[in-house]
Amino acid sequence: MALPKRRHSRARGRKRRTNWKITTVNVVECAHCHQARLPHHICPQCGYYDGREVFAPGQES
Amino acid sequence: MGHFDKVKKLGRTKSHREAMLGNMAMSLFQHRMIKTTDAKAKALRPLVDRIISTAKKDTLAAKRQVAKTVKNKEVFKKLFNEIVPQFADRTSGFSRVIKLGVRRGDGAPLSVVELLTEKPKKVDDKKDKKKKKAASGK
């Protein structure tokens, strides 16, 4: 079975992991209820998209 | 990135995929708006638009073509009697997909697909049907 030839230092692993970064989620203000929502998504608070109610929160299709 | 895939396979066999999309199209004609995953919604939209385009021709051949997908007789009648007349002034773009967020549990992106017909007034299903019939009679 394949095994590591050399010891792998903590610094090596940590250097690799410096590039594991999280990105901030882009949120925009809902034009109808002024709460935060995802861009190009129906507002989860008021169900509005593009100036009209599309899908009410909690409503099942 | 799958830009050249004319058919999104959705992890299903051809028969499974065609059956599922057909059922989804019928649900959409029945309810005007359905909630589903983004990938399925995007696969459904071209199918629905093609069915309506064919249905608008209103010939016997077109009806038979549509009946291949719209197997439910009730939905078939509704499509020709209620939905197609509402698209008289439109030649394409009969449906729309809007993103809805992610599903709790598996994080799948969800969307709603809707027909660009007039929104029926909010009432429960049984009353809804009566109102639609009354409205179409006007």
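In what pattern do the elements of chain B follow one another, read along the sequence? In this predicted model, in which local features need pLDDT of at least 70, side-chain atom pairs count only at pLDDT 80 or more and totals for chains, interfaces and linings use all residues, chain B follows the pattern α-β-α-α-α-β-β-α. Residues are numbered from 1 along each chain as its sequence is written, chains are lettered from A and ligands numbered from 1 in the order in which they are written, and side-chain values use heavy atoms, with hydrogens and water left out.

The secondary structure of chain B comprises five helices and three strands, where helices (H or I, at least four residues) and strands (E, at least two) are DSSP runs numbered from the N terminus. Chain A has one helix and four strands, arranged from the N terminus as α-β-β-β-β. Buried residues (under 20% relative accessible area, with exposed meaning over 50% and partly exposed in between; 1.4 Å probe, protein chains only) make up 18% of the 61 residues in chain A and 37% of the 138 residues in chain B. Of the contacts (heavy atoms within 4.5 Å) with a separation of 6 or more, residues 24 or more positions apart account for 0% in chain A and for 55% in chain B.

Helix H4 of chain B covers residues 73-86. Its 14 residues should span 20 Å at 1.5 Å a residue, and the end C-alpha atoms are 19 Å apart, which agrees; the expected span is 1.5 Å times one less than the number of residues. H4(B) bends by about 40 degrees at B:Leu79, the bend being the angle between axes fitted to the seven residues ending there and the seven starting there. Among the buried residues of H4(B) are B:Leu79, B:Phe80 and B:Val84.

These three residues also take part in the contact with helix H2 (residues 38-57) of chain B. The axes of H2(B) and H4(B) come within 10 Å and cross at roughly 95 degrees; axes are lines fitted to C-alpha atoms, for helices over the stretch in contact, and angles run from 0 to 180 degrees between N-to-C directions. H2(B) is therefore roughly perpendicular to H4(B), a term for angles of 65 to 115 degrees, whereas those under 35 count as roughly parallel, those over 145 as roughly antiparallel and the rest as oblique. On the side of H2(B), the contact is made by B:Ile51, B:Ile52, B:Ala55 and B:Lys56.

B:Glu118 lies in the loop between strand E3 (109-115) and helix H5 (125-137) of chain B. B:Glu118 counts as exposed because its relative accessibility is 68%. Leaving aside neighbours within four places in sequence, B:Glu118 is in contact with B:Arg32 and B:Gln86.
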